[in-house]
Amino acid sequence: MQGRGHIGIVGAGLGGLAAAALLLRAGYRVTVFEQAPGFARVGAGIQMGANAMKALRALGLDGEVRRIGFRPESLLNRDHDTGAVTNELPGGDALEARYGAPHMCLHRADLHAALAAAVPAEHLRLGRKLAGLDQHTAGVTLTFTDGARETVDAVIAADGVHSVVREQMLGAEAPRFTGRVAYRTVFPAALLGDRQLGNSRTKWWGQDRHLVMYYITAARDEVYFVTSQPEDPSWMTPESWSARGDVEALRASFADFHPDVRHVLAACPQVWKWALLARDPLPHWVEGRVALLGDACHPMSPYMAQGAAMALEDAVILSRCLAETEADGIAGAFRRYEANRMPRATDIQSLSAENTFLRRPGGTDWVYGYDATTAPLDEPGTR
Ligand code: FAD
């Protein structure tokens with residue numbers, strides 16, 4: 001191998017695109033293989049915490065996200081029925097001063113489009129679904145479902161919660177259905193009439209269910225909410241991880257929530273229903289010249305809004321490890337990436353599953369204060 005080498009990235013989701021853009025800047029030859037024939041505009045919002053915004057800064061995208069997104073004036077937490085405030089973390093300038101970056105809310109598709117724009121089209125292969133891979137002395141050969149094959153020097157598998165590469169590395173094991181579903185939707189704020197959301201990102205906490213709502217544009221003209229509630233396990237089928245939901249059933253299951261919540265649910269025209277899936281932390285993410293990244297290695301409950309943030313941090317740390325090596329050192333750089341990312345991602349994965357983050361004051365500094373661009377890098381085995 002000579003020079004930087006050729007890295008194949010499986011999956012053009014948020015994590016795969018971030019890794020591609022950063023590795024191109026580091027001088028690697030990069031090809032991204034994505035199963036979808038194009039990018040759909042899924043109706044969903046996404047929060048980018050200050051730690052995620054610092055990772056986006058490494059890509060030069062923080063300005064764009066700030067321009068298009070909504071910067072909440074606080075992260076507000078309220079009891080589901082009385083509306084009593086249990087915790088309010090100041091947002092806006094105060095959060096930015098405390099953590100060195102803002103907390104932003106935006107349309108997931110707008111974030112994806114910004115990341116995709118950072119990867120020139122000649123590095124993207126759409127409609128390429130990975131079937132399996134094989135490591136050998138000359139590199140790693142990827143085989144696709146249409147029979148095509150490509151050989152690269154190393155592979156980053158950012159192929160999400162149903163990762164084919166994870167399965168090949170660690171054995172077949174379906175992600176666990178948590179027994180809960182998320183309803184989510186995006187709709188025009190005009191449908192709320194005079195009773196708008198307010199300028200916070202608000203989480204309404206019930207006994208066994210909750211709902212998070214916020215604007216997703218700087219103009220505050222689009223609204224997003226996402227819920228979590230128990231669901232009969234018999235509902236879970238391989239197809240049900242993203243299906244159309246029943247708005248009336250959703251309204252009924254939040255009937256005892258505060259009138260402000262019921263107003264939003266009454267106004268919403270349609271919803272999607274997602275099974276919430278989880279995996280236990282994996283024993284390793286790296287094998288030779290193949291590394292897992294993002295949901296492929298640490299899928300988590302969405303309760304801390306940190307899944308994509310972890311994928312972005314992964315991409316930054318991985319690119320920092322790879323920037324310090326040539327192609328012959330890729331396997332060592334992958335081990336260093338794993339050693340540096342696994343403890344933090346595993347802690348976030350575990351805390352997220354508890355669904356306690358932000359309900360009461362405290363415990364936010366280690367999450368939002370982290371900066372993947374400057375965090376010290378340990379060598380494997382030095383912890
Ligand atoms: P994905 O985004 O899943 O991308 C994987 C890509 O790989 C896809 O494009 C897929 O088509 C492709 N692919 C899969 N298999 C193959 C194959 N065999 N061959 C080729 N391509 C393949 N995170 C936050 O930070 N903030 C939030 O507010 C937030 N809200 C959330 C709300 C909900 C309800 C849920 C479910 C999640 C939320 N998350 C949030 C988590 C976040 O969405 C994920 O952690 C993030 O999308 C992971 O990115 P990824 O690139 O690892 O995987």
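Guide: Start with two helices, H9 and H10, which run roughly antiparallel to each other; angles under 35 degrees count as roughly parallel, over 145 as roughly antiparallel, 65 to 115 as roughly perpendicular and the rest as oblique. Helices (H or I, at least four residues) and strands (E, at least two) are DSSP runs, numbered from the N terminus. This is a predicted model, in which local features need pLDDT of at least 70, side-chain atom pairs count only at pLDDT 80 or more, and totals for chains, interfaces and linings use all residues. Residues are numbered from 1 along each chain as its sequence is written.

Visitor: What pLDDT does the chain average?

Guide: The chain average is 94, and 97% of the residues score at least 70; pLDDT is the predictor's confidence in each residue, from 0 to 100. For the complex, the predictor gives an ipTM of 0.98 and a pTM of 0.97.

Visitor: At what angle do the axes of H9 and H10 cross?

Guide: Two packed helices are described by the angle between their axes and the distance between the axes. Here H9 (residues 307-323) and H10 (residues 330-354) have axes that cross at roughly 150 degrees and come within 9 Å. The axes are lines fitted to C-alpha atoms, for helices over the stretch in contact, and angles run from 0 to 180 degrees between N-to-C directions. The H9 and H10 crossing is right-handed; a crossing is left-handed if the near helix is turned anticlockwise from the far one by less than a right angle, and right-handed if clockwise.

Visitor: Which residues make the contact of H9 and H10?

Guide: From H9 come Met310, Asp314, Ile317, Leu318, Cys321 and Leu322, and H10 supplies residues including Ile330, Ala333, Tyr337 and Ile348. Two residues are in contact if their C-beta atoms, placed from the backbone, lie within 7 Å. Sorted by class, this contact of H9 with H10 has ten nonpolar, one polar and three charged residues. Ala, Val, Leu, Ile, Met, Phe, Trp, Tyr, Cys and Pro count as nonpolar, Asp, Glu, Lys and Arg as charged, and the others, Gly among them, as polar.

Visitor: Is H2 parallel or oblique to H9?

Guide: The axes of H2 (residues 50-58) and H9 cross at roughly 40 degrees and come within 9 Å, which makes H2 oblique to H9. H2 passes H9 in a left-handed crossing. Asn51, Ala52, Ala55, Leu56 and Ala58 of H2 meet Ala308, Ala309, Leu312, Glu313 and Val316 of H9. The classes in this contact of H2 with H9 are eight nonpolar, one polar and one charged.

Visitor: At what angle do the axes of H1 and H5 cross?

Guide: For H1 (residues 14-25) and H5 (residues 108-117) the axes cross at roughly 25 degrees, again within 9 Å. That makes H1 roughly parallel to H5, and the crossing of H1 and H5 is left-handed. Leu14, Leu17, Ala18 and Ala21 of H1 touch Leu111, His112, Leu115 and Ala116 of H5. The contact of H1 with H5 holds seven nonpolar residues, one polar and no charged.

Visitor: Now the strands. What is the order of the open sheet of three strands?

Guide: Two strands pair if DSSP finds at least two bridges between them. The open sheet of three strands has the order S8-S9-S10, with antiparallel pairing. S8 and S10 stand at the edges with a single partner strand each, so one side of each is left without a neighbour in the sheet. Neighbouring strands of this sheet are turned by 20 degrees against each other on average, direction ignored.

Visitor: How many residues lie between S8 and S9 in their hairpin?

Guide: There are two residues between S8 and S9. Strands S8 (residues 130-136) and S9 (residues 139-144) pair over six antiparallel bridges, and His136 stands opposite Gly139 in S9.

Visitor: Which strands stand at the edges of the open sheet of eight strands?

Guide: That sheet has the order S5-S4-S13-S14-S15-S12-S17-S16, with mixed pairing. Its edges are S5 (85-90) and S16 (243-245), each with a single partner strand, so one side of each is left without a neighbour in the sheet. On average its neighbouring strands are turned by 20 degrees against each other, direction ignored. S16 pairs with S17 (residues 271-278) in the antiparallel sense over three bridges, with Arg244 opposite Trp272 in S17.
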